Amino acid sequence: MKKVLALISTLLIAAMAFAGCGSEQATKTDSKALKVGATAVPHAEILEIVKPLLEKDGIKLEIVEFNDYVQPNLALNDKELDANFFQHEPYLVNFMEEHKEVKLKNAFGVHIEPMGVYSKKVKDLKELKEGAAIAIPNDPTNGGRALLLLQKAGLITLKDGVKEKATVQDVAGNPHNFKFQEVEAAQVPRTLDDVDAAVINTNYAMQVNLVPTKDALFMEDSTSPYVNIIAVREGDEKRPEIQALIKALQSKEVKDFINEKYKGAVVPTF
């Protein structure tokens with residue numbers, strides 16, 4: 001009888017252990033993960049604030065940092081990411097025109113990062129000399145955006161109707177014969193020692209400790225249409241994890257963080 005009881009006890013312990021393993025496995029299987037690609041500043045910093053908010057919904061957020069404007073869209077399209085956060089819609093539209101295989105969509109607009117003109121050589125754009133060198137981003141959308149900003153600053157005029165698709169070939173009026181150096185957006189801040197002025201995206205300006213509201217000689221105002229967005233694959237907009245991400249990004253915690261951290265250099269749009 002004792003042997004029978006011992007055998008039953010052993011079987012019960014084994015069954016409980018197996019059930020425990022099964023429960024642990026189920027927990028691992030049921031856990032949700034969301035992988036979002038982002039450039040470091042301010043996008044990845046904003047997503048760090050979102051992490052604990054998503055954890056409350058049982059979603060683990062993994063942030064994958066990129067230092068260029070091409071790979072995040074390709075990685076998202078190839079299902080290496082669930083979403084990305086680094087670009088505005090005009091850039092995304094242009095990117096998909098150039099990469100027909102990419103099918104992405106704007107899921108939510110988060111903030112505006114005003115583009116600015118910076119210089120280590122002059123304190124006022126009026127001081128730029130004849131033939132001064134000005135660095136601008138070399139990607140089509142941000143390059144056009146930079147030229148539009150230089151036009152708004154009164155430095156050049158562009159052909160009618162070109163808008164954000166403007167290139168240096170569309171410069172119709174250049175009374176001071178400025179020379180434009182087209183550089184990868186992430187590298188534009190590194191040209192400041194060599195050029196007379198540079199038009200820099202805010203996220204890259206902040207990476208080299210430039211404060212747009214203090215250091216920019218001229219910058220976009222709050223009416224800028226270039227809202228930075230959460231991009232997803234077409235058809236994924238209603239995924240529960242994406243909806244949870246959007247809800248978290250609209251939280252008071254995120255808005256307060258943006259306003260306090262970036263002090264007007266990054267402006268929430270929600």
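Modeller: Let's start with burial: a residue is buried under 20% relative accessible area, exposed over 50% and partly exposed in between (1.4 Å probe, protein chains only). This is a predicted model, where local features need pLDDT of at least 70 and side-chain atom pairs count only at pLDDT 80 or more, while totals for chains, interfaces and linings use all residues. Residues are numbered from 1 along each chain as its sequence is written, and side-chain values use heavy atoms, with hydrogens and water left out.

Colleague: Why does T191 count as buried?

Modeller: T191 counts as buried because its relative accessible area is 12%. Across the protein, 47% of the 270 residues are buried as well.

Colleague: Where does T191 lie, and what does T191 touch?

Modeller: Helices (H or I, at least four residues) and strands (E, at least two) are DSSP runs numbered from the N terminus. T191 sits in the loop between β9 (179–183) and β10 (197–200). A contact means heavy atoms within 4.5 Å. Leaving aside residues up to four places away in sequence, T191 touches A135, V183 and A198.

Colleague: How many helices and strands does the protein have?

Modeller: There are nine helices and 13 strands. Among contacts with a separation of 6 or more, 74% are between residues 24 or more positions apart.

Colleague: Which residues have the most contacts inside the largest nonpolar core?

Modeller: A nonpolar core is a set of buried Ala, Val, Leu, Ile, Met, Phe, Trp, Tyr and Cys residues joined through side-chain atoms within 4.5 Å. The largest one here has 32 residues, and L54, I230 and L245 have the most contacts inside it. Elements that each supply at least two of its residues include β1 (32–39), β2 (59–66), β12 (227–233) and α8 (240–249). The largest share of this core, seven residues, is from α2. As for L54, its contacts are L34, I59, L61, A244, L245 and A248, not counting residues up to four places away in sequence. A second, separate core has 28 residues, with L92, L104, I200 and I229 among them.

Colleague: What volume does the largest cavity have?

Modeller: On a 1 Å grid over the protein atoms alone, a cavity is a set of points where a 1.4 Å probe fits but cannot get out, and a pocket is an open set with protein on both sides within 12 Å along at least five of seven lines; lining residues have an atom within 4 Å of a point. The largest cavity has a volume of about 80 Å³, and the structure holds one cavity of 30 Å³ or more. Its lining includes Y69, H88, E113, R145 and N228. β3 gives the largest share of that lining, three residues. By type, the lining divides into three nonpolar, seven polar and two charged residues.

Colleague: Which residues are closest to the centre of the largest pocket?

Modeller: The largest pocket has a volume of about 210 Å³. Of its 11 lining residues, L148, K152, E220, P225 and Y226 are the closest to its centre. The second largest pocket holds about 180 Å³. Two or more of its lining residues come from each of α2 (40–55), α6 (202–207) and α9 (252–262). Among the residues of that lining are V41, E45, M206, Q207 and Y262.

Key: Points joined across faces, edges and corners; volume = space filled by probe spheres on them. Nonpolar A, V, L, I, M, F, W, Y, C, P; charged D, E, K, R; others polar.
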